[in-house]
Structure formats: structure tokens, C-alpha cells
Amino acid sequence: MFVEHIINILNNCLLDLKKEGLSIEFEIDKSLLEKPQKSIHGDYACTIAMKFAHKLNLKPIDFANSIVEKINSDHIIDKAWVQQPGFINFSIKNSALVDQVKKVIKEGEKFGDIIRDTAEKIQIEFVSVNPTGPLHVGHARGAVIGSTLANVLESAGYIVEREYYINDAGKQIKLFNDSLFARLLEILGKENKFPEDGYVGAYVIDIAKQFIEKNNENFEIFDEKDIYNKLSKFGMNFILDSIKEDMKELKVNYDVWFSENDLYKNGDFNASIDLLRQNGSLIDSEGAVWFKTENDDNNKVVIRSNGDPTYFASDIAYHYNKFIKRKFNKVIDIWGADHQGQIPFMKSMIEKIGIDKNNLNLLIYQLVTLKRGGEVVRISKRTGDLITFKELLEDVGPDVCRFFFLSRSSESQMEFDIDLAKKESEDNPVYYIQYAYARICGILRLADEKGIDYSNPDLNLISDNSELDMIRKMIALPEVILKISDTLGPHQLTHYAMEFANSFHLFYQNCRVISDEDLEISKSRLSLVLSAKIILAKYLTLMGLNKPERM
């Protein structure tokens, strides 16, 4: 990548200046390079002079000029110059840009991937909602963020495992089971008492009815405990199957479905509690067991006075299992906004089990507001309940869901405009990007039909500004992947994909690709179009979107 080349040049300049007597004790890294907003400022800009000039008792503009005086143009750098108040700007030679077309075509779908000397194991856990009812639209946002981030991290050279944590233990599961059983008794005409704060959705009645239909039980001879246990298992499987189906429709795949109950069966809970007791992180008070924090007012109950573990206890055991037992180098938990307050506890807990807290990242995604006709929509016309994940998916389709949920950073609240999502026009960013891909495929089909062999083109013929601008957008892909893997912000994909699609549409408007008058320029532009197909396909794949060849 050009970034590394520029960094090496600049660091060599610093070494030369140090030899001449400047007290330089710093180096340039990628954080000091940025893309200028305006093309007149070049392809890259370095901010080192503004950051470090004061340490040398120099003005930023003077320090920048002293660096630029040491820079010579080479096979990549066309020009370097200083811009107020001290930016060092670089422009890349056209020949170096054009050479990247060959590289993209040669590497194909691997272009942009990062090869690491040692691949770290990263686990991403996302959605993990209690299996007590249908998924809502907020869960869809978490699913899209998690699955897309996993795709990018794999391209960035990590070994990634996608996991769904099944919360199948605890108070909410018992409440769900009690609700199911009360509805079953109600359907059978038996005496029942619906639990306080029970699950009242119509789906609970539907599950109970299906249990009756699918079981050859003699409900007149009623073994309450046996029926309760069978119904509980049936209800759990019903909800999990529904979740798995929704995830499949959204093109979200998991490597592992991990049961909370297993933490208690396989000894992880006891092992994690023993470890925390040994290092003094647990205290006994008021008949309960507490996790001790720096501020005693924030201590968390781990085991209640009745002996039941809290969900904090499950979090401890689960992360013990992730880090200590399964030995993940890093763990990323993607949680809803209601978990914001758990972050300090989680970080503290991780340190107490002997893990660097920086190896645990907690991404919190904010709420989603659905809008139709400019008004907020909460209630389904079909069911009268809150709009579910499945209904939104059926209404607008998985590609639109994925792109729209990715389009804002996870920490930002978002509005999902259903009307815009269903538009088949340039106003809809998903349509705009996929139409670019379909147009590319159409051009290449036409070339095949005409029998044009563009396998060995003269790429030196590429010179139009719209051609070169598209190449600039094209070769940003490796930097985008690296940036997202560092910041854990997959929303950036939507921005760069739109930028690239726009550069292709402009190229298409300004440059005739297949021309009977000039076969050689056609061959060079067809190679450029082929490389554009590879790049756009990569963006669509990373975002989990379809690649339509016709629209």
C-alpha cells in the first residue's frame, strides 16, 4: 500500500534531520496520515509538523518545509509540498495508480486482505437475546453489526468465531415457562394462574396450541411436572428455531450456539467463583456473595441469599470460559443500549480473572426508530404488537435491512425510513450500489459477446481523471479493512462502498468503455471495469449483500 511507502520515506527524512542535529525522538505512523477532502491537496497529507514542531521549538510550517526538502520523487511519489499551517501533501504518479489495476485483477477476491505473521483468535458474541419471544428490530441491528464486523476481521487476518449465547437459565426463562404452562392450562380448560409480569404475547398461546397438536399426550391423565418439563423444552426449541430462521434470512451465520446452562454443568461457574474467591474479589454480606468493586456502593450480587446465581455470575463464568478455557486472544461483545451500565463491571471482572481488560471490547448499539410516511411506526398492522424483526425483513428484504442498519455507527441512534428502503431509485443507497455492480456485469457480458480479449491491455492508455479517481477509490479498500479492524466500526463500509459506486457511475458517464473506433482503449477500460467488479464485489460481500448481475 502507498501508506507504508510514504511512512518509510518520511521516517528516512527524520533520520536525516536527526543526523543534522535536530533532537528528533519520534517516528511517523499511519495515524499521522490522512486523506485530504479536496483533490487539489493531493492523495495523502501528513500532520507530523503540527503535532511535533513545538518539541523542536520550530513553527509547523518550517518543520514541514525541512522535511519536504529531503523528499525526492520516485516510482510512486509524483510530488510532495507543504500546505498551511504545516500539512505535508503527497500526490501519487498516474503510472503507480494504473499499476494497481493489475494488482487487483491478479489478487481477485483476496485483494485488500491482510496477512499477519501470527493470527490472533477473536470471538464475537452478538444478539444473544433471551429465547423467550420473537426478535425485534433492535436485535436485527446487533446481528448486522456483529456479522459484518466478523467478515471484516477475517479479511484483516484474524481467526474469528461467531457466537450466540443462549440465555437458557435464570429468572426470565422460568417466567417464560410458567407463562407457557398457564396458557396451556387455559386452553385445556383447567384452573390456572397467569404469573405476574408473565409473557403476554399472542405467540405464547400459539406455542401452547402447537405443543398440544404435536404431542400425543393424554391430557386427561395430567402429570403436571412431566407436562411442564416437556412444554418448557418444546417452547425453548420453538423460539430458538425461529431465531435461527430469522438469522438465516438476514444472512447471519453462527459458528457456535453456546448454552448458559453448560456453564453450570461443565464446572466453569464453580471454577470462576473459586478463582475470584482466591484473589479476594468476592465478599460475603447479608447472606449473599458480592463482587467487590473499587466503590463499595457499586458492589454486585453474584449469588443471591437463596443460593441462585445472578446474571452477573453467568457473565463471570462465560468470560472465564472464553478467555481461560477456550483461550481467545480477544473477545468482542455486542450488546444493546440497556447494557451500557455493565461496562465498568465487565472490565473490572476481566482484570480479576487475570486478563488484560483491553482484550475485551464491548460495543453498545443504540435504539432503532422505524418511520413510514414521515411518522414513527411502532405497532404492526398485522398483529397489533410491536413490529418484529421478521416483519421488517419481509417488508424491505435482507439486503436493505443489512445496509441501513450498518449505515450509522453503533453508538448513534438511528431512524429506519421504510419508504426509502423500498425505493428502487438512486435515492436508495442499496439500489445505487447494486445497480453499479449490475451495470459492471452488463459491460463485461457485452465484451464477451463481442469477443473482445482484454487479458493483456495497455494500461498506460488510462489517463482520464474519472478513470484515475476510480482507481484512487479502488485502492482504498485495504486501508478501509485495516481501519475498521482497528476501530471496530463496520459502519464505515457503507460510506466507502457508496463513494466507490459513485466513482464508477461518474466513470461510466464520462468514458465510453466499448468503442468500435478504438479497440485498445476499450481493452484498457474493460480491465479497469473488471477490477471495479472485484472491488465492489468485495464491499458487497463484507456487508453481506447480494451481488446482482442483472437489475
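**Group meeting: a walk through the predicted model**

Let me begin with alanine 64, which is found in helix α3, residues 60-68. Is alanine 64 buried or exposed? Its relative accessibility is 0%, so alanine 64 counts as buried. If we leave aside the neighbours within four places in sequence, alanine 64 is in contact with Ala49, Val82, Gly86 and Ile88. To give a sense of distance, alanine 64 and isoleucine 283 are 219 residues apart along the chain, and their C-alpha atoms are separated by 58 Å.

Staying in this part of the chain, please look at the loop between β3, residues 77-83, and β4, residues 87-92, where proline 85 is found. The peptide bond leading from glutamine 84 to proline 85 is cis, with omega near 0°. As background, most peptide bonds are trans.

Now the overall picture. The protein chain has 20 helices and 15 strands, and its C-alpha atoms fill a box of roughly 90 × 65 × 40 Å, taken along the principal axes. Of its 551 residues, 51% count as buried. If we take the contacts with a separation of 6 or more, 70% of them are accounted for by residues 24 or more positions apart.

Which residues of α6 and α8 meet? From α6 the list includes Ile173, Phe176, Leu180, Phe181 and Leu184, and from α8 it includes Ile227, Tyr228, Leu231, Met236 and Ile239. Sorted by class, this contact of α6 with α8 has 10 nonpolar, three polar and three charged residues. As a reminder, an α-helix has 3.6 residues a turn, so residues three or four places apart point the same way.

The second pair is α16, residues 429-449, and α20, residues 519-543, which pack at an angle of about 145° with their axes 10 Å apart. Here the crossing is left-handed. On the α16 side the contact includes Ile433, Tyr437, Ile440, Cys441 and Leu444, while on the α20 side it includes Leu526, Val529, Leu530, Lys533 and Leu540. The residues of this contact of α16 with α20 divide into 15 nonpolar, one polar and one charged.

Next, the aromatic residues. How many aromatic pairs does a search of the whole structure find? It finds 22. In one of them, the rings of tyrosine 264 and phenylalanine 269 have their centres 4.9 Å apart and their planes at 40°, so the pair is tilted. Tyrosine 264 is partly exposed, with a relative accessible area of 26%, whereas phenylalanine 269 counts as buried at 11% relative accessibility. Elsewhere in the list, Phe126, Tyr164, Tyr254 and Trp257 form one aromatic cluster.

Let me move on to helix α12, residues 343-352, in which Phe345, Met346, Ser348, Met349 and Ile350 are buried. What covers these buried residues of α12 includes β9, β10, α11, β11 and β12. Just after α12 comes glycine 354, which takes a positive phi of about 90°.

Threonine 310 is buried, with a relative accessible area of 8%, and, neighbours within four places in sequence aside, it is in contact with Val301, Val302 and Arg304. Between threonine 310 and lysine 538 there are 43 Å in space, C-alpha to C-alpha, and the two are 228 residues apart in sequence.

Most residues other than glycine have a negative phi. Lysine 251, in the loop between α8 and β7, residues 256-259, has a phi near 65°, which is a positive value in a residue other than glycine. Lysine 327, in the loop between α11 and β11, likewise has a positive phi, of about 60°, although it is not a glycine. Which of these lysines is exposed, and which partly exposed? Lysine 251 counts as partly exposed at 28% relative accessibility, and lysine 327 is exposed, with a relative accessible area of 57%.

Conventions:
Residues are numbered from 1 along each chain as its sequence is written. This is a predicted model: local features need pLDDT of at least 70, side-chain atom pairs count only at pLDDT 80 or more; totals for chains, interfaces and linings use all residues. Side-chain values use heavy atoms; hydrogens and water are left out. Contact means heavy atoms within 4.5 Å. Helices (H or I, at least four residues) and strands (E, at least two) are DSSP runs, numbered from the N terminus. Ala, Val, Leu, Ile, Met, Phe, Trp, Tyr, Cys and Pro count as nonpolar, Asp, Glu, Lys and Arg as charged, and the others, Gly among them, as polar. Rings of Phe, Tyr and Trp (its six-membered ring) pair if their centres lie within 6.5 Å; planes under 30 degrees apart count as stacked, over 60 as edge-to-face and the rest as tilted. Buried means under 20% relative accessible area, exposed over 50%, partly exposed in between (1.4 Å probe, protein chains only). Axes are lines fitted to C-alpha atoms, for helices over the stretch in contact, and angles run from 0 to 180 degrees between N-to-C directions. A crossing is left-handed if the near helix is turned anticlockwise from the far one by less than a right angle, and right-handed if clockwise.
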